[in-house]
Amino acid sequence: MAARRPHRPAAVRRARRSARPAHPRHPSPAGRRAVIEVLRAGALTTVQDQGRPGWAHLGVPRSGALDPAALRLANRLVGNDEHAAGLEITLTGCALRFTRAVAVALTGAPADVVVEWRAGAAQRRPGDVGRPLALPAGAVLRVGPARAGVRTWLAVSGGIAIEPVLGSRATDTLSGLGPPPLRDGDRLPLGTPSGPPAPVDLAVTLPLPGELRLTVRPGPRQDWFTPEALDLLCRGAYTVSPDSNRVGARLAGAALTRTVARELPSEGLVLGAVQVPPDGRPLVFLADHPTTGGYPVIGVVDDVTPLAQARPGTTVTFHGPQR
């Protein structure tokens, strides 16, 4: 995105090297270990958990699911610990085969879900986002494109048991830590189930955003902007750009004018930082954000999770915290 790429200390470079044997396309011998076979990876499907907090001083962001609560909910529905790793499926869906009987649950963006298996002849049955499903060994789960929103989270009983890096199995698309995004033909090892799934009649739905209204607090470089720019940020409207990703949501709209034109030495960035590149259009940093950047931060958004489901063209407005 717009921020300068941070220097990676030796500890982080060693962690990246140590993660290579756990690459899902070159797994260590696992005998008959149960796996997920990726038949269709879709546009962007990544392994995610609750991230790796506590490493910002080494240039490593938290990463993890863009909506941590949605993944926690999916894990609860299949009896997993809330920190278990699942999949974050982006926009176009995916198709997966399971070599053992599993319980699965999806949360987030609504999509058509179909289970296929063979019992003398091919069998199909529909499923629902927000409802746990029991799948027999060999079953194929087909998740269709998101009908609204952008991302769906999938939890599997036992979790995805790839080797953790710095305490997390999350894919960090900026730093390259964790497993790479899935590709057709990948095989992901499954862990041992730790608890019973939720009752089969439990269904949970999460509301998806329409127009987003985000609470923003003053940033460390608010005084680098004109009073008109600050008023525009909180009174105007922006739209989500197609250039957005897990690193940040780029916003299209009126440019914010600076009063200070000089260069800014790189300084720390946090989740939700609203950075303003030279074109004046704000950028809201998400889970895979860099930990330092060289453009001024005009504000910090309290809660960025609604942006996880914001399609390009979604309207975004900002307002100050309630008094």
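Q: On what terms do two strands pair, and which residue in strand 11 is the bridge partner of Val35?
A: Two strands pair if DSSP finds at least two bridges between them, strands being DSSP runs (E, at least two residues) numbered from the N terminus. The model is predicted, with local features needing pLDDT of at least 70, side-chain atom pairs counting only at pLDDT 80 or more, and totals for chains, interfaces and linings using all residues. Residues are numbered from 1 along each chain as its sequence is written, and side-chain values use heavy atoms, leaving out hydrogens and water. Strand 1 (residues 35–40) and strand 11 (residues 187–189) run antiparallel, joined by 3 bridges, and the partner of Val35 is Pro189.

Q: In what order do the 7 strands close into a barrel?
A: The pairing in this barrel is mixed. The order of the strands is 12-19-16-17-14-13-20.

Q: Is Leu212 buried or exposed?
A: Leu212 lies in strand 12 (residues 212–218). Leaving aside residues up to four places away in sequence, its contacts (heavy atoms within 4.5 Å) include Pro306, Leu307 and Thr314. Its relative accessible area is 3%; since buried means under 20% and exposed over 50%, with partly exposed in between (1.4 Å probe, protein chains only), Leu212 is buried.

Note on methods. Helices (H or I, at least four residues) and strands (E, at least two) are DSSP runs, numbered from the N terminus.
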